[in-house]
Amino acid sequence: MTLKYLDETGLGLMLSVVSSWFVKGRGKQFKIPTRWGSDGRINVLGTLSLSGTGEQLEYRLLEGQCTRDQVVAYLQTLADSCDPKGLTVVVLDNAPFHKGGELAKRREDWEKQGLYLRSVPDSLIEA
């Protein structure tokens, strides 16, 4: 059995300047360059995999925010690499884009490929 924990994150790639000091009357405003888009962020979707052979981190860099379509595409990639005779369980948190819609439609097909989705119980998630 392989257990995979799926999550997303966004990372700021520039340091925000919150204050500075200048000699009175000589203040100057600086333009700070950004990377990877207008807001200087990079978003990542990935899984930490635990199996009998060890741990593995798998990830995908995202353009813009994480959406249900991106989660479905990532899960399809995982399903395509599964052994139908094996058991791969992906644990999802309760983000809105981890529920319903296309995920529900594809769940049966993914299980035939050996990929099973499970959600963290609401009682384990802090409000």
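Which residues in helix 1 meet helix 2, and which residues in helix 2 do they meet? In this predicted model, the helix 1 side of the contact is made up of Arg68, Val71, Val72, Leu75, Gln76, Ala79 and Asp80. Across from them, helix 2 puts in Gly101, Glu102, Leu103, Arg106, Trp110 and Gln113. Sorted by class, the contact comes out as six nonpolar, three polar and four charged residues. As for geometry, the axes of the two helices sit 10 Å apart and the packing angle is about 5°. Angles under 35 degrees count as roughly parallel, so helix 1 is roughly parallel to helix 2.

Some of these residues turn up again in the largest nonpolar core, which has 17 residues. Those with the most contacts inside this core are Leu6, Leu75, Val90, Leu103, Trp110, Leu115 and Leu117. At least two core residues come from each of helix 1 (68–80), strand 4 (88–92), helix 2 (101–113) and strand 5 (115–119). Helix 1 is the biggest contributor, with six residues. Nonpolar side chains do tend to be buried together in soluble globular proteins.

Leu6 is worth a look of its own. Leaving aside residues up to four places away in sequence, Leu6 touches Leu45, Gly46, Thr47, Tyr74, Leu75, Val90, Val91, Leu92 and His98.

Then there is the hairpin, built from strand 2 and strand 3 with two residues between them.

Conventions:
Residues numbered from 1 in each chain as written. Predicted model: local features only at pLDDT ≥ 70, side-chain atom pairs only at ≥ 80, totals over all residues. Heavy atoms only, no water. Pairing = 2+ DSSP bridges. Helix = DSSP H or I, 4+ residues; strand = E, 2+ residues; numbered from the N terminus. Core = buried A, V, L, I, M, F, W, Y, C linked by side-chain atoms within 4.5 Å. Buried < 20%, exposed > 50% of the residue type's maximum accessible area, 1.4 Å probe, protein only. Contact = heavy atoms within 4.5 Å. Axes fitted to C-alpha atoms, helices over the stretch in contact; angles between N-to-C directions. Parallel < 35°, antiparallel > 145°, perpendicular 65-115°, else oblique. Nonpolar A, V, L, I, M, F, W, Y, C, P; charged D, E, K, R; others polar.
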